[in-house]
Amino acid sequence: MTSAIVAVDRELRKKLCAIVTQKTGIQLPENKSAMIEGRLRKRIRAVGVPDVRTYLELVFEGGQLATELPHIIDVLTTNKTDFFRENAHFDFMTKHILPKHQTRRALRFWSAASSTGEEAYTTAIVFAEYAKRQPGFQFTILGTDISSTVVSKARQGVYSRDEIVDIPKPMQDDYLELGHSSDGRALARVIKPLREKVKFAQMNLTAMPYPVDKNMDVIFLRNVLIYFNDAMQRQVIKAITDHLRPGGYLIVGHSESAAATDPRLTQHAAAVFRKEAV
Ligand SMILES: C[S@@+](CC[C@H](N)C(=O)[O-])C[C@H]1O[C@@H](n2cnc3c(N)ncnc32)[C@H](O)[C@@H]1O
C-alpha cells in the first residue's frame, strides 16, 4: 500500500469527491488520491485524528460534515495566482475598454474567482494609472471566491516580497507600502486608498443566482472554469453573462475560451468576449 488514502474505504473517498463536486463544481479525479491526501493532511493534524480514514469517517459518519466542509473546500481549491497574470488582458482593458468608458459613472469591475486578491489589486493599479491620465475616471472593484481563507488574505492586501515581483517597480513605489511581519519577514501591503476601492466577499459560482449587482462593465472569470465539467461551465457562463451590461466584457483564462458558449457573447481578442446588446 503506497499511501494511506488507498486504505480508505472506496465508499468514503467517492463520497468526498462527490460532495466537493456537488458543493463547488470542482471535479476531483479519483486518481488524484495522493494529492487529496496531501492537501487534507494539515487539517487532519489540526482536528487531531490519526489518519485520513478516521478523518473521513468523522466527516461522513460522525456528523461533522457541516463544520468540516469549509476547511475541505479551502484545502482542495487551487489558488495559484499572480499580480499581472496574463498581462495581455490588462493591456486590453487599458487600450480598448477604458477609453470607451465615456460616462461619469464609476466603471464596475468584478474578479469572479479572485483567490488571494492579486487579480483585483492589479486591476486597481491599472485603473489608478489610467485615472492619472484621465482625471475623473471612477471605478469600483469586487473580488469574490468560494474559499473564505483566500478572501480574508485578499482583504488584508499583504504580500511577501516574492509575491510582488511582477509589479513594475514604479507601481510598487506608488501603490505598496513596505514593512515587516512580527517575525521579521519582509512584506508589502497595498496602500489604504487602493484597498478601499476593492471589496471582497465569499461567493460560490455554482450557487445561482449570485448576490452581486447586475450591469457589470467588466468581469474577469479566469482560471476557474477548468475545474468544472462542461455542463457546469455552461451554467456559470450563462449566470455570469446575466451580470454583464450589454456592451460589457467577459475575460476568461487563456485556455478557457472554448467554455464561453453563451450566444450573447462575441469574441474580440484571445479569451476576451463582449456581451452584445439584444
Ligand atoms: C487558480 S485560482 C485563479 C485566480 C485568478 N482568477 C487568476 O486567474 O489568477 C482559482 C480560484 O477559483 C476559486 N474557485 C474554485 N471553485 C469555485 C467556485 N465554485 N466558486 C467560486 N470560486 C471558486 C478557487 O478557490 C481559487 O481561488
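1. Basis. The model is predicted, with local features needing pLDDT of at least 70 and side-chain atom pairs counting only at pLDDT 80 or more, while totals for chains, interfaces and linings use all residues. Residues are numbered from 1 along each chain as its sequence is written, and side-chain values use heavy atoms, with hydrogens and water left out.

2. Helices α3 and α4. Helix α3 (residues 33-47) and helix α4 (residues 52-61) cross at roughly 75 degrees, and their axes come within 10 Å. Helices (H or I, at least four residues) and strands (E, at least two) are DSSP runs numbered from the N terminus. Axes are lines fitted to C-alpha atoms, for helices over the stretch in contact, and angles run from 0 to 180 degrees between N-to-C directions. α3 is therefore roughly perpendicular to α4 (65 to 115 degrees; under 35 counts as roughly parallel, over 145 as roughly antiparallel and the rest as oblique).

3. Their contact. L40, R43, I44 and V47 of α3 meet V52, Y55 and L58 of α4 (contact: heavy atoms within 4.5 Å). Six of the contact residues are nonpolar, none polar and one charged. Here Ala, Val, Leu, Ile, Met, Phe, Trp, Tyr, Cys and Pro count as nonpolar, Asp, Glu, Lys and Arg as charged, and the others, Gly among them, as polar.

4. Helices α6 and α7. The axes of α6 (residues 88-97) and α7 (residues 118-133) lie 11 Å apart at an angle of about 30 degrees, so the two helices are roughly parallel to each other. On the α6 side the contact uses F90, M93 and T94; on the α7 side, E119, T122, T123, V126, F127, Y130 and R133. These residues divide into five nonpolar, three polar and two charged.

5. The sheet. Three strands form an open sheet in the order β3-β5-β4, with antiparallel pairing (strands pair if DSSP finds at least two bridges between them). β3 (158-160) and β4 (176-180) are at the edges with a single partner strand each, so one side of each has no neighbour in the sheet. On average, neighbouring strands are turned by 35 degrees against each other, direction ignored.

6. Three bridges pair β3 with β5 (residues 186-190), and S160 has L187 in β5 as its bridge partner. β4 and β5 are joined by five bridges, with L176 opposite V190 in β5. The β4-β5 hairpin has five residues between the strands, and in this hairpin G184 takes a positive phi near 90 degrees.
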